[in-house]
Amino acid sequence: MAREMISLADVKFPDVSPINEIARGAELGPRLLPLDRRSFLKCAVMAGAVCGISAFAEPCAALLPWAGGPTQGDSQFTAEARFYEKLQNKKIKCKLCPRECVVGDRERGYCGVRENRGGTYYTLVHSRVCAAHIDPIEKKPLFHYLPGTLAFSLATAGCNVNCKFCQNWDISQVRPEQIRADYAPPKTVAELAKQNRCPTIAYTYSEPVIFSEYLMDTADAGHEAGVRSVVVSNGYMQTESLKAAYGKMDAVKIDLKAFSESYYRDVVGGELKPVLDSLVTLRKLGKWTEIVYLVVPTLNDSDSEFRGLVRWIKTNLGVDVPVHFTQFHPQYLLKNLPLTPVPTLERAKAMADAEGLHYVYIGNVPGHPAQNTYCPKCRHLLVERVGLTTGQILIRKGSCPFCKQPIPGIWHA
Amino acid sequence: MWLRSHRPAAALMKKSEGTRRDFLRACIAGAAVLGTGGSMELLEAAEQSSALVKSRVVIARDPMLRGAGTTVDSKRALNLLDHAMQALFDADHPADPWKNLVRPGDRVGLKVNALGGHAFSSNLQLVEAVCERLQEAGVKANDIVVWDRDTEELERAGFHISSAPNHVQCFGTDRTGYEEDLVTYGSVGSRLSKILTRSCNVLINMPLLKDHDGAGVSMALKNMYGVIHNPNKYHPNGCNPYIADVNMLPDIRTKMRLTICDATTAMYEGGPAYKPQYSWKNNALMVSRDPVALDYVGWQAIERKRAEKKLKTLEAEKRAPLYIATAADAQHRLGTNDPRRIAVIEAQAGR
């Protein structure tokens, strides 16, 4: 699907979700499971949203008062970075992510959004929003966090990895000055989220690790205004920066891109171990965390990798962590591979179920029954979903109304 | 493929007084350049049969380049350039090499390096000298564009920004942007500067001679990072194989005609940012049509200076420029890093 670049000043607000479920549904027609009339109508509503005719796709010019106004100068977006140490000869070592870029004067780190100026390291993307949208929280996807609510979602340019399958490479793999952006200071974002009845601000689309300072300030502003924060991240972060930044989040979604170091090295341009460490740290912090695993045909879809993944999750995070196996679509530098066959996703889910994980979902396949939440004890349907819309939500006081089994998550605002 | 960089087709034609065997060899090489089917095998055969074919790297020096002052003298810069080019092309007259490189109607991009500000960027007098010779060869002033990634950086380096008609153009990619479509080779996927893709059919590379904390050294091949939108993604692992892969992108590979490495001031340590304490006034130019050979020769020059300053070799510092060998390997063939196949020609100017 062709997608135009996002700006807050754009009248139309195209879809920039990393998990672009609705748009892809159109491509996936023959693969859909049979739908009843009710489900069909829900899908139609969602399709309307993509076309910009529902509340989900409300034009941002109407939402954002600064849209269309003058773009601010570089200094407006520049703030001293919080995670680095100074070295000799005006060099610095970045301590934000495990790369630990050593950056000389007037140079930038791998992410392209942090610059050494005379021995002081700066973020160039504070309040520099290149994409913003009001999304269903299910689009992140967060299935055990305030289902059926909206998230005021935003991003800046940049990323600290370079996934060959990146759907948003035209904002994640560019430098901030190469893309139009608007000035969106933290308090303004919090106010706008509230005005638009979004109980949550979501940091998403590109890679929030690289705009941690902005994320932290915005989360603080949001909490002061009674708005929560969630982050959609690769988790490739140093432990201390993770604690400082994601410690301010109310929920976290981590893209665990594979369960092998070779995949992380060759396809992602990162490392697996720090991501696993981040997941363990988030659990220790008590942060509500969900995991997405994008299943890429031939690259990370073997039985042994699925088995290793789910056993690691069970051992280190427990059986209640939701895991989403999502369908890959050819993008960016991996256009040579096909869509993930739905049976492959079902195989992954079956293995996770067999290992005893309680909440295993299949993503990017609208209408698949594995998008719903079921009670792990009595198997009753508890949350019904079709694509990004939520139907029945039967959970009461965090428990199954039929057998009283506690269902972990954040269910009520 | 490196045969292409040795001598232009016109030069081969001029020397066609040889035997029938020589003529056939020239035809084979020509076919390889034109991408005729099976050309690689023919080219390899031609390479093996021609022990005399070497990539030329000219190092031209003028100890009095700056006269008694600190600024490069314009006339001496032009004279130094002429010496270098005539040595590279075996030419008797300063205008001759340029007629082999360009022709009227060509749109020529001079990719300079302006990252180091006024103190350490491609030398202005040298760039002006190149523009002068190009115009004498029939290229219109406004068909010449002096460029790097950012206009402000060019200004800081002392360049006069211009897009006026009938003048040499000078601005950064920030003025034009990058192509929307990705181009890929090997490990690299990037958008190219529209200046390269739309404003020039001939590329003359004008890098500096400097140490680089990531790549080891930064000269001809590394300077092409200024052509792509995402150079920050290609610094891990000593920029290897990324530098070689970037130089394989079709618009770069097919438009590149010449490298004029400004070694008037050079850096042997602490790069790429300018550190005066690690620089030396070298008063030299390096020119070649083989960017790999030029980088190899430049690397050796930096190592000699490091040894003189009692510094460890780049290899001992675990930052040897491995990308140079990658650029010469069978997957890239951007030139040669084999010293037996490189002719280093010293040319003294200013006498």
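Which residues in helix 10 of chain A meet helix 11 of chain A? In this predicted model, local features need pLDDT of at least 70 and side-chain atom pairs count only at pLDDT 80 or more, while totals for chains, interfaces and linings use all residues. Residues are numbered from 1 along each chain as its sequence is written, and chains are lettered from A in the order in which they are written.

On the side of helix 10 of chain A the residues are A:D303, A:F306, A:R307, A:V310, A:R311 and A:K314, and they meet A:T344, A:R347, A:A348, A:M351, A:A352 and A:E355 in helix 11 of chain A, contact meaning heavy atoms within 4.5 Å. By class, this contact has five nonpolar, one polar and six charged residues. The crossing of helix 10 of chain A and helix 11 of chain A is right-handed.

The axes of helix 4 (residues 74-89) of chain B and helix 6 (residues 124-136) of chain B come within 9 Å and cross at roughly 60 degrees, where axes are lines fitted to C-alpha atoms, for helices over the stretch in contact, and angles run from 0 to 180 degrees between N-to-C directions. Helix 4 of chain B and helix 6 of chain B are therefore oblique to each other, given that angles under 35 degrees count as roughly parallel, over 145 as roughly antiparallel, 65 to 115 as roughly perpendicular and the rest as oblique.

Of the 351 residues of chain B, 57% count as buried, that is, under 20% relative accessible area with a 1.4 Å probe, protein chains only.

Methods:
Heavy atoms only, no water. Helix = DSSP H or I, 4+ residues; strand = E, 2+ residues; numbered from the N terminus. Buried < 20%, exposed > 50% of the residue type's maximum accessible area, 1.4 Å probe, protein only. Left-handed = near helix turned anticlockwise from the far one by under 90°. Nonpolar A, V, L, I, M, F, W, Y, C, P; charged D, E, K, R; others polar.
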